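Please look through the sequence and the model below before reading on. The paragraphs that follow go from one place in the chain to the next.

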Amino acid sequence: MIDAKRAIEAAIRSKEKWDRSHYVGASEIGGCPLKIYYDKTEDDGFRGNGKTERGHALESAVISLLKRGGMDIRHYDNGHTNKQKEFSHPDYPVTVHPDGIIFGHRKRPHKRDPARTVTEPFKVAVLEVKTVGTDAFRSLSEPSASWVTQTRFNAFMAGVPSGLLVAVDASDLENVMSWELEAMTEVEAAALLEKAKRIMAAKEIGIEPMAEPSADNCRWCGWKERCERRWIPDEEAKENEAEAPEIEDAVEKMNRAKALKDEAKALESEAKPAILSAAQEHNAARLKAGSFLAIVEPRKGRVTLDTKRMLADHPEIDRAAYEKQGAPSVAIKLKEIG
Ligand code: SF4
């Protein structure tokens with residue numbers, strides 16, 4: 001049987017993931033550093049889906065329409081041959097791939113025959129195309145901050161004065177909005193380049209960078225299920241109480257987890273003395289019982305620093321200079337309210 005659905009699913013599954021593990025791209029650079037870190041250190045298995053394929057196909061269709069309408073667009077991905085141009089920064093771990101480069105044309109005198117003129121192309125802007133679902137397109141009046149950052153940063157990296165950001169309704173390519181945006185200045189771009197450098201350094205040493213949670217950043221983040229930093233209550237939220245019947249199941253699980261931890265603690269304190277006594281009696285650190293081997297392992301005591309005494313003996317040490325602030329996170333406590 002000819003099975004189109006299976007063929008499409010197999011094609012998507014077999015796609016190679018675009019390897020961004022060694023650099024930060026323009027579409028991510030404005031986002032949450034922790035999300036970028038997770039994207040580069042952990043494979044979420046996502047290779048795209050039907051929706052992302054539709055997005056790519058529509059972007060190609062939009063570029064093709066813009067070209068047929070008279071724009072000179074080069075270095076774009078036509079869906080068959082990836083001709084997309086890549087711009088890498090020489091000093092920072094940043095590489096960008098604008099959707100296309102728009103060229104203008106100007107006349108200049110011919111080099112050998114100044115009486116004649118020749119037309120020469122020159123880079124005018126980078127192109128960034130976004131396809132949006134019909135409902136989202138209807139409510140769109142301004143481009144999102146992340147689109148603006150991406151387009152302006154791409155223009156900076158490509159060394160062109162501006163970027164053309166085009167948003168189209170995925171159901172009707174004649175529904176178009178576009179914004180011409182100035183390339184990022186050196187100063188603006190420097191902040192993002194430094195941010196990329198810090199994220200890649202964090203990746204090298206395996207320490208998570210600070211999160212930048214926000215409604216925009218966290219809404220579509222693939223890591224939000226496991227991320228404890230997506231929401232830290234502010235002073236107002238700390239005082240608020242709300243009815244939340246939707247978490248009854250989750251609260252029940254937390255309660256069970258707490259009971260299991262308490263039970264584990266009680267079981268351990270019952271079992272440990274019995275095993276130790278038997279080990280001493282047999283003068284053996286390895287004891288067989290049923291299908292288990294209990295091993296009594298000596299552990300060295302933890303070495304700790306008596307900071308109070310050290311600071312008293314050395315008042316010249318500036319404690320604040322050696323303090324390290326850990327990343328904020330949340331803990332969830334349960335309180336029985338009857
Ligand atoms: S959920 Fe929010 S804070 Fe957490 S990694 Fe994602 S974007 Fe960052």
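Asn283 counts as exposed, because 6 C-beta neighbours lie inside 10 Å of it and a residue with 12 or fewer is put in that class. In this predicted model, Asn283 sits in the loop between helix H10 (248-282) and strand S8 (286-289). The phi angle of Asn283 is near 50°, which is a positive value in a residue other than glycine. Most residues other than glycine have a negative phi.

His75 also has a positive phi, of about 55°, although it is not a glycine. This residue is found in the loop between strand S1 (72-74) and strand S2 (87-88). Is His75 buried or exposed? His75 counts as buried, because it has 20 C-beta neighbours inside 10 Å, and 20 or more is what that class requires.

Pro209 has 19 other C-beta atoms within 10 Å, so it is partly exposed. Which residues does Pro209 contact, leaving aside its neighbours within four places in sequence? They are Pro33, Leu34, Tyr37, Arg198, Ile199 and Ala202. Pro33 is 176 residues away from Pro209 along the chain, yet the C-alpha atoms of the two are separated by 6.2 Å.

Pro33 and Tyr37 belong to H3, while Ile199 and Ala202 belong to H7. H3 and helix H7 (residues 186-205) pack with their axes 10 Å apart, at an angle of about 45°. That angle makes H3 oblique to H7, and the crossing of the two helices is right-handed. On the H3 side, Pro33, Ile36, Tyr37, Lys40 and Thr41 take part in the contact, and they meet Lys195, Ile199, Ala202 and Lys203 in H7. By class, the residues of this contact are five nonpolar, one polar and three charged.

Which of the 13 residues around the ligand come nearest? They are Cys32, Pro213, Cys218, Cys221 and Cys227. Sorted by class, the shell around the ligand has eight nonpolar residues, one polar residue and four charged residues.

Key
Residues are numbered from 1 along each chain as its sequence is written. This is a predicted model: local features need pLDDT of at least 70, side-chain atom pairs count only at pLDDT 80 or more; totals for chains, interfaces and linings use all residues. A residue is near a molecule or strand if its C-beta atom, placed from the backbone, lies within 6 Å of it. Ala, Val, Leu, Ile, Met, Phe, Trp, Tyr, Cys and Pro count as nonpolar, Asp, Glu, Lys and Arg as charged, and the others, Gly among them, as polar. Axes are lines fitted to C-alpha atoms, for helices over the stretch in contact, and angles run from 0 to 180 degrees between N-to-C directions. Helices (H or I, at least four residues) and strands (E, at least two) are DSSP runs, numbered from the N terminus. Angles under 35 degrees count as roughly parallel, over 145 as roughly antiparallel, 65 to 115 as roughly perpendicular and the rest as oblique. A crossing is left-handed if the near helix is turned anticlockwise from the far one by less than a right angle, and right-handed if clockwise. Two residues are in contact if their C-beta atoms, placed from the backbone, lie within 7 Å.
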